[in-house]
Amino acid sequence: MVESIFEPSKVIKTGFEIETLVTTDGRTLQGLVKEENDRLRVITVDRELILDKKDVEAREVQKKSLMPDGLFKGLSSVELRDLLSY
C-alpha cells in the first residue's frame with residue numbers, strides 16, 4: 001500500500017490498467033475499459049463513454065498508473081501521516 005503511494009506505476013492491479021484506444025475516426029482516448037462485449041465501456045478522467053468495438057482501430061495497455069507520480073508531494077506532513085496510518 002505505502003509503495004503504491006510513492007511509486008504508483010510499480011504495480012498496477014488487474015482491472016486498473018489504463019488503455020489507449022484509437023478510434024476509426026482518428027480520436028485517441030485513454031481510460032479504464034470496465035466492460036467489454038460488442039461495446040466497450042471506457043471511463044476517462046472526466047467522463048464515461050460507450051464505444052462500439054467495430055469503431056476501435058487499436059488498443060494498447062499502458063504501463064502507467066492512473067495515480068500521478070509525486071501526488072504525495074502536495075500533501076502536508078500531517079496529511080501524509082494520516083494517509084499512511086489509514
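The dialogue below goes from the whole chain to single residues.

Q: What kind of model is this, and how are residues numbered?

A: This is a predicted model, where local features need pLDDT of at least 70, side-chain atom pairs count only at pLDDT 80 or more, and totals for chains, interfaces and linings use all residues. Residues are numbered from 1 along each chain as its sequence is written, and side-chain values use heavy atoms, with hydrogens and water left out.

Q: How many helices and strands does the chain have?

A: Helices (H or I, at least four residues) and strands (E, at least two) are DSSP runs, numbered from the N terminus. The chain here has two helices and five strands. Along the sequence, the pattern is α-β-β-β-β-β-α.

Q: How does the radius of gyration of the chain stand against that of a compact globule?

A: The radius is taken over C-alpha atoms, and the globule rule is 2.2 Å times the number of residues to the power 0.38. For 86 residues, a compact globule would come out near 12 Å, but this chain has 16 Å. Along the principal axes, the C-alpha atoms fill roughly 50 × 20 × 20 Å.

Q: What share of the residues is buried?

A: Buried means under 20% relative accessible area, exposed means over 50%, and partly exposed is in between (1.4 Å probe, protein chains only). Of the 86 residues in the chain, 22% are buried.

Q: How many salt bridges does the structure hold?

A: A salt bridge is a side-chain nitrogen of Lys or Arg within 4 Å of a carboxyl oxygen of Asp or Glu. The structure holds 11 of them. In one, glutamate 19 meets arginine 59, at 2.8 Å from N to O.

Q: Why does that pair tie together parts that are apart in sequence?

A: Look at where the partners sit. Glutamate 19 is in strand E1 (residues 19-23) and arginine 59 is in strand E5 (residues 56-61), so the bridge ties together parts 40 residues apart in sequence.

Q: Which residue does arginine 27 meet in a salt bridge?

A: Its partner is aspartate 25, at 3.3 Å from N to O. Arginine 27 is partly exposed, at 36% relative accessibility. Aspartate 25 is exposed, at 55%.

Q: What about aspartate 55 and lysine 54?

A: They form a salt bridge too, with the closest N and O atoms 3.6 Å apart. Aspartate 55 counts as partly exposed, at 30% relative accessibility. Lysine 54 counts as exposed, at 65%.

Q: Which residues is glutamate 35 in contact with, beyond its sequence neighbours?

A: Contact means heavy atoms within 4.5 Å. Leaving aside neighbours within four places in sequence, glutamate 35 is in contact with Leu40 and Arg41. Glutamate 35 is found in strand E2 (residues 28-36). At 42% relative accessibility, glutamate 35 is partly exposed.
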